[in-house]
Every structure is written in C-alpha cells, then in structure tokens.
Amino acid sequence: MKVLTLNCGSSTVKYKLIDTESRSNIATGKVERIGMIGASIELKSPDGNKVVREVEILDHVMAINAILKIMVEPKVGVLKDLEEIDAVGHRVVHGGETFSGSVLITDKVVQTLKDNIQLAPLHNPPNIQGIEAAMALLDVPMVGVFDTAFHSTIPEYSYIYPIPYQLYKKYAIRRYGFHGTSHRFVSQRACEINGRNFKNCTMISIHLGNGASMAAIRNGKSVDTSMGFTPLEGLVMGTRCGDIDPAIILHIMRQEKLSLHEADNLLNKFSGILGISGRSSDMRDIEELYFAGDKQAHLVINIYAYRIKKYIGSYFAVLNGVECIVFTAGIGENSPLIREKCLEGLDHLGIVLDKKKNDEVVGQEAIISTPDSPTKIMVVPTNEELVIALDTAEIVSRMKK
Ligand code: ADP
C-alpha cells in the first residue's frame, strides 16, 4: 500500500510517501513558512535528488495541494497519478482521553479532536487543519495516529496529579505523555533485534530530540512517562525546562510582572539547554563548546545527563528491574557523550556500558552494553512516519475486508 504520512505544524507540513510492503520511502519532504513570505516546498526522492522551490503558500490546503502537485510532476515527481496514493496517515499530537489507539478518521473523529483543542492549543489546531485540507483534496481513507495513544495504559496512580481532583474532572488535567509513536517503535524494534517478545519485555526508552521524554514499559505497555499534561514536564529539553518547582513560575511572574503568554514562552521557548547555556538549544553546539572546555557547556551537559539518570533510577524502581534501555532521536542516536554521562555510575543497577562500542555508534542500530551487562543498552533510530504508515495500512486493510 502507498501511504502518505502528514505531520502538520502551524507553519510547516512534513510528509513522507511510504510503500508499506517494502517499508521504504518513495518520497520525503516538507513545506515551510506557510502563510509567510518565502514559503517553500521540498521533495526528496530515494535516489538522493532534492528539489526546493519558493512558492506562495497561504494555508494548509495550499500546502497539501503543493505536495500532491509536486509528487506527480513529470520531471521531478515520484508518482504517475495521485490515484496511486491508497491512504493518508496523520500525526495527531493529542488524543485526550478518547483515543487509546490509531483510528479511521470520520467526521465524528474530527469533531472530537475539535472538542479536545484546549488540551493542545498549539498543536491540535494545525493537525485538524491538515486533516480537513487532506480530506478536501483526496478521496482516500485517512487514519489518525496519536502521540499520546501509547501512554493510555499508564495507571491512574501515575497519571493523576496531586491537585484538587475536581480539576481532573473539570478540565481533564492529568498526565498524557507524548512521543508515544517513537517510544512504541523503538521499544518494539529493540525486542525484534533481541529476538524477544514485546509482550514480555520490561524496558526503558529514552527519546532525546529537541523535545525529550522517557517511557517505562512493562510487558509491551507504557506504565509511566516523563512528559505530562503537556510536553513541558520531565527531562531538560532544547528550549523547555522540564521538571521544576511550580512555585518558581509564580515567583517569576510576580517579580518580572510577566503575562501568561510571556511565562509560557519563558518555560517553553527560552529555557532548557538554551536557557542554561544562553547560546544555543542545539546539542551539537553545546558539545563543541564542552570539548573546547567551556564551563557553562559542562554545566548544561551535567544537568541534562543528571536528569536522565534520575529518571532511569526511578523507572528501575517502577519496573522492578529492566531488561533493556533504548536510546533514540537526534541526541540519543548521535551523542556518545550524553549516553555515557547519563549511564555513569549505574553498574550497581546492572547497567554496564561498553564505552568503546558506544563511541563508535552514531545514528545506527546497535547494542552498546558489554556482553555481560545484565541490562542491555541499545541505540535504535526512530521512525515515527513508518509507524503512522503501517498503522494506516492495517486499519485500511481491515476496513476493506
Ligand atoms: P526533533 O525533536 O526536532 O525531531 P531531533 O530528533 O532531530 O529533533 O533532534 C535534534 C537534536 O539532536 C538537536 O539538539 C541536535 O543538536 C541533536 N543532534 C543531532 N545530531 C547530533 C550529533 N551528532 N551529536 C549531538 N547531538 C546531535
């Protein structure tokens, strides 16, 4: 089946056309700067050819239309006819309490997503715009794959916050967790590599991209995760603070006379790696400074790794032993330094890193623990779009039976 996956942000649409039988990409690309001057569309084909064009793109309908048009363009395209697209899979950030798995998109599903907008006011509106735009342009089945769904198995004692319970009832304030598609993919893949049945596996997955989160997985199900009601909780991220004393926010708002919007920006866009370093949110920049002996970069990396280590410890307690720890996403896949730092001194838990092997692994699947380490440590590159495409293909073929 040929599935077009769409990941719609407020000013970008990332897409992949995937052949689900061979699990290969037919095309990948993105539209950037939607509604702004200098909007562009990019298409990359598997042979490495890349086309980037500036075009006027005012909204998500125009963005998806541009993607469809470029894919069938005689010289640069990858399809003869749009009829070759069998289905569309949409990444949806927040499924609320309604969606515990991927679903066929119907008008009712779209309405439920709209009803849930207040849970993800930044992310869900562009996701919905993308769904409606694709529905207007293509007459094929569409599936929604939710970032929150994999974490729907987290027990109540972990997802309820210790604030007045009526706020959960009134506003659905609880832990949801995100990056679920990635945690599901890399943990399943790690089991596949180890010849283990996912349903019997106990593991920790660590997704370290610009956003970062960890999941505690027991018998193939997420039982805890570090992100919460929003993606702000948990690990230190590129620009997000992760766990802090909530009273700090009130204190800063009072002292600096910040509005809600300014406080939101401070915590989400100017904290984390960027906030501590004062220079960059990009781990590559921080590592360069670290290796050049920069003191502040050392502090950033120590704080970043220490937070991960604390979560590893707490998930060992949650899971009562861990067979496997999996690293993924930009930093998890590519940074031996961070992997080493956050696993330092954990031998007593049965976590023994093979440092030489760790240093060699950048961006590929590998086992990086010593052969006698009781806990396997692995690197598995994530592939959220493949999960979206496979879920879509499965739901659509079930529908056709
Ligand atoms: P996103 O969450 O936006 O998908 P990615 O998963 O691509 O992000 O991760 C981005 C992060 O990965 C950035 O902090 C980037 O610096 C980091 N990264 C990418 N390559 C390397 C590398 N070779 N060494 C260290 N960090 C890296």
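Ile204 touches Met214, Ala215, Ile312, Tyr315, Phe316, Leu319, Val322, Cys324, Ile325 and Val326, leaving out residues up to four places away in sequence. Contact here means heavy atoms within 4.5 Å. The model is predicted: local features need pLDDT of at least 70, side-chain atom pairs count only at pLDDT 80 or more, and totals for chains, interfaces and linings use all residues. Residues are numbered from 1 along each chain as its sequence is written, and side-chain values use heavy atoms, with hydrogens and water left out.

## Nonpolar cores

Ile204 belongs to the largest nonpolar core, which has 44 residues. A nonpolar core is a set of buried Ala, Val, Leu, Ile, Met, Phe, Trp, Tyr and Cys residues joined through side-chain atoms within 4.5 Å. Buried means under 20% relative accessible area, exposed means over 50%, and partly exposed lies in between (1.4 Å probe, protein chains only). The residues with the most contacts inside this core are Ile204, Leu208, Tyr304, Ile308, Ile312, Ile325 and Leu343. Two or more residues each come from strand 9 (202–208), strand 10 (212–218), helix 10, helix 11 (295–319), strand 12 (324–328), helix 13 (336–343) and strand 14 (376–379). Helices (H or I, at least four residues) and strands (E, at least two) are DSSP runs, numbered from the N terminus. Helix 11 gives the largest share of the core, eleven residues. A second, separate core has 39 residues, among them Leu4, Ala63, Leu138 and Ala149.

## Ligand site

The shell around the ligand consists of Gly209, Asn210, Gly211, Asp282, Met283, Arg284, Glu287, Ala329, Gly330, Ile331, Asn334 and Ser335. By class, the shell divides into three nonpolar, six polar and three charged residues. In this scheme Ala, Val, Leu, Ile, Met, Phe, Trp, Tyr, Cys and Pro count as nonpolar, Asp, Glu, Lys and Arg as charged, and the others, Gly among them, as polar.

| Residue | Distance from a ligand oxygen atom to a polar backbone atom |
|---|---|
| Met283 | 3.0 Å |
| Arg284 | 3.1 Å |
| Ile331 | 3.3 Å |

On its own the ligand has 580 Å² of accessible area, and the protein covers 69% of it. Accessible areas come from the Shrake-Rupley method with a 1.4 Å probe; for residues, only the protein chains shown count as cover. Helix 10 (283–291) and helix 12 (329–334) are the elements that give two or more residues to the shell. Helix 12 supplies the largest share, four residues.

Ser226 is found in the loop between strand 11 (221–225) and helix 7 (246–256). Ser226 counts as buried because its relative accessible area is 0%. A polar atom of the Ser226 side chain lies 2.9 Å from the backbone nitrogen of Met214. Beyond its neighbours within four places in sequence, Ser226 is in contact with Arg175, Ser213, Met214, Glu233, Gly234, Leu235, Tyr311 and Tyr315.

Leu17 lies in strand 2 (residues 13–19) and is buried, also with a relative accessible area of 0%. Leu17 and Ile85 are 68 residues apart in sequence, and their C-alpha atoms are 8.4 Å apart in space. Leaving aside neighbours within four places in sequence, the contacts of Leu17 include Val3, Leu4, Ile26, Met71, Leu79 and Ile85.

Ser45 lies in the loop between strand 4 (40–44) and strand 5 (50–54). At 14% relative accessibility, Ser45 counts as buried. The side chain of Ser45 makes a polar contact with the side chain of Asp47 at 2.8 Å. A polar contact is a pair of N or O atoms within 3.5 Å; within protein, one must be able to donate a hydrogen and the other to accept it, and residues adjacent in sequence count only if both atoms are side-chain atoms. Leaving aside neighbours within four places in sequence, Ser45 is in contact with Ile26 and Val78.

In helix 8 (residues 260–269), Ala263, Asn265 and Leu267 are buried. Helix 7 is included in what covers the buried residues of helix 8.

## Positive phi angles

Most residues other than glycine have a negative phi. Arg33 has a positive phi near 60 degrees and lies in the loop between strand 3 (24–32) and strand 4. Arg33 counts as partly exposed, at 40% relative accessibility. Lys257 has a positive phi of about 50 degrees and is found in the loop between helix 7 and helix 8. Lys257 is exposed, with a relative accessible area of 69%.

Technical notes. A residue is near a molecule or strand if one of its heavy atoms lies within 4 Å of it.
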